[in-house]
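Hi,

Here is the structure I promised to pass on.

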Amino acid sequence: MANMPSIPKGTRDFSPAEMLRRKYIFRTIEAVFQKYGFLPLETPAMENLSTLTGKYGEEGDRLIFKVLNSGDAWRSVSGEVREMLTKGEEVHPGRLAGELSEKALRYDLTVPFARYVVQHRNEITFPFKRYQIQPVWRADRPQKGRYREFYQCDADVIGSKSLLNEVELVELIGDVFAALDLQVVIKVNDRKVLSGIAEISGQPERVVDMVTAIDKLDKIGREKVEEEMRTKGITDAAISEIAPLFELEGTWMEQRPKLEQWLASSTIAQEGLRNLSTIFNAVGTRNGATLEFDPTLARGLDYYTGAIFEVKSQEGNMPGSICGGGRYDDLTGIFGLKDMSGVGISFGADRIYDVLLETNKFPAELGGSTRVLFANFGEKEAIHCLKLLRTVREAGIAAELYPDPVKMAKQFKYADDKGISFVAIIGENELKQGIVTVKEMKSGEQKAVKEEDLLSIIS
RNA sequence: GUGGAUGUAGCUCAGUUGGUUAGAGCGCCGGAUUGUGAUUCCGGAGGUCGCCGGUUCAAGCCCGGUCUUCCACCCCA
């Protein structure tokens with residue numbers, strides 16, 4: 001174990017068995033995306049650092065993987081900074097990183113998408129619906145269900161303000177998890193309702209602090225939430241104005257009248273409530289997933305401005321969300337394109353994988369493995385098998401010939417380890433008689449048939 | 001980024017108050033069976049005990065540092 005090679009922290013290898021399961025998730029999601037009219041898009045692993053910085057908040061900037069400038073990176077450092085360093089003065093780490101690096105690995109798929117839309121605005125027909133399934137990187141500290149390299153599966157519609165898009169996305173989420181046979185709850189809220197609550201409290205400028213505290217309600221309880229708001233400098237008066245929020249319970253239909261009354265004086269809150277009403281009415285109860293209003297749902301306040309979603313599994317032990325999204329009114333504004341409202345969702349494939357594995361929801365037959373292995377008895381027999389191999393493959397059956405004429409035990413073990421269903425044996429005897437001995441690995445049963453009957457046995 | 005735990009064979013883990021040659025199960029390789037895997041029996045290989053340094057006559061075990069993995073926080077998929 002002395003010089004065993006390894007991979008960077010928070011990254012993973014995926015074995016063939018794992019890849020078959022991962023591919024199953026990806027193709028399920030992709031098929032649903034396409035069914036809803038989304039088309040594929042890919043963007044580079046690296047973006048210009050300036051494209052990414054400042055888009056994910058202060059915390060997010062720290063988590064962006066920067067790529068060191070190629071060649072002698074030191075040469076790109078400005079004279080001013082060099083001087084400071086040689087004098088032993090402290091340089092802000094962000095500033096130094098900015099001088100040593102001009103590229104970074106993408107942190108999510110949404111910002112590169114916004115960049116793409118702005119850059120190609122004249123070629124795109126709006127509303128533009130794209131999906132994107134690619135890895136993203138975060139310099140976070142790894143934990144269960146948290147990796148430094150992981151895949152996101154995004155679908156966004158940009159260039160349409162219609163709430164029908166939100167409705168469609170809710171239906172899409174329902175379809176994906178129905179196809180994966182997983183019971184989930186889709187939580188919804190509207191950022192405008194949260195803004196309205198901040199407005200009512202008298203400290204509208206503190207929405208973010210308020211909401212990040214409120215978001216932890218089910219985790220740390222009401223008292224700790226209020227304590228956190230206090231330490232963040234929110235006044236006691238404001239906190240007591242927020243109080244009704246903690247007393248809300250029940251379904252959307254039950255909560256809605258209370259919210260309307262409580263937030264009557266806030267026009268923005270009323271708009272949010274109307275949006276939610278539209279979504280709830282249109283979605284109804286038609287798909288398997290439960291749609292639930294959650295006034296304490298916050299997420300992604302950096303760019304979300306309207307509806308927000310989060311999906312949690314009702315099966316298994318995954319604490320985090322397995323899918324999330326929302327509406328953003330001005331994502332492209334920072335790149336100079338105004339008035340481009342969009343709404344999107346992102347599936348966390350890695351977490352979905354963990355849930356499906358834990359709850360044993362992967363289909364038994366994932367395909368991908370060979371159905372029949374031709375044993376190799378030597379050059380003459382092997383050459384003869386090539387003809388049969390072609391016939392079997394032309395019938396659409398995955399088949400392979402063991403490449404070396406090694407002893408049978410090894411060839412059978414190969415078939416067993418690889419989960420191959422049948423082994424076709426053509427040795428000296430079979431060759432002479434024009435037959436093939438076929439063994440079914442699972443039952444251990446074996447019979448000799450004419451070569452032309454091989455297909456009917458293995459298919 | 002803050003705090004805590006962890007690391008012994010390919011994998012999962014034993015290893016006494018510091019004391020001779022560090023063990024087991026599984027896996028791997030070979031044989032029993034020169035045409036049969038999964039099952040059975042027999043045999044074998046494989047470890048600078050994460051890495052660097054320190055204490056000691058003596059370190060897998062004690063101390064310091066470092067890296068990894070895991071847990072909590074922060075944040076998030």
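Before the notes, one term: when I say two residues are in contact, I mean they have heavy atoms within 4.5 Å. Also keep in mind that this is a predicted model.

Let me start with Tyr36. Leaving out neighbours within four places in sequence, Tyr36 is in contact with Lys129, Glu168, Glu171, Leu172 and Asp175. Its side chain also gets to the backbone oxygen of Glu171, at 3.3 Å. You'll find Tyr36 in the loop between helix 1 (16-35) and strand 1 (39-40). Is this tyrosine buried or exposed? The relative accessible area of Tyr36 is 14%, and the cut-off for buried is under 20%, so Tyr36 counts as buried. One more pair to look at is Tyr36 and Ala155: they are 119 residues apart in sequence, while their C-alpha atoms are 9.9 Å apart in space.

Next, some backbone geometry. Most residues other than glycine have a negative phi, and most peptide bonds are trans.

- Phe126 and Pro127 are joined by a cis peptide bond, with omega about -5 degrees. Pro127 sits in the loop between helix 6 (110-119) and strand 5 (128-137).
- Asp181 is not a glycine, yet its phi is positive, at about 60 degrees. Asp181 belongs to the loop between helix 7 (164-179) and strand 7 (184-190), and it is partly exposed at 48% relative accessibility.
- Asp339 is not a glycine either, and has a positive phi of about 60 degrees. Look for Asp339 in the loop between strand 10 (323-328) and strand 11 (342-348); with a relative accessible area of 63%, Asp339 is exposed.

Now the chain as a whole. Chain A has 20 helices and 16 strands. Its radius of gyration is 29 Å, whereas the globule rule gives 23 Å for 459 residues, so chain A is more spread out than a compact globule. Along the principal axes, the C-alpha atoms fill a box of roughly 95 × 65 × 50 Å.

What share of the residues in chain A is buried? That comes to 49% of the 459. Of the contacts with a separation of 6 or more, 68% are between residues 24 or more positions apart.

Cheers

Definitions and conventions
Residues are numbered from 1 along each chain as its sequence is written. Chains are lettered from A and ligands numbered from 1 in the order in which they are written. This is a predicted model: local features need pLDDT of at least 70, side-chain atom pairs count only at pLDDT 80 or more; totals for chains, interfaces and linings use all residues. Side-chain values use heavy atoms; hydrogens and water are left out. Helices (H or I, at least four residues) and strands (E, at least two) are DSSP runs, numbered from the N terminus. Buried means under 20% relative accessible area, exposed over 50%, partly exposed in between (1.4 Å probe, protein chains only). A polar contact is a pair of N or O atoms within 3.5 Å; within protein, one must be able to donate a hydrogen and the other to accept it, and residues adjacent in sequence count only if both atoms are side-chain atoms. The radius of gyration is taken over C-alpha atoms; the globule rule is 2.2 Å times the number of residues to the power 0.38.
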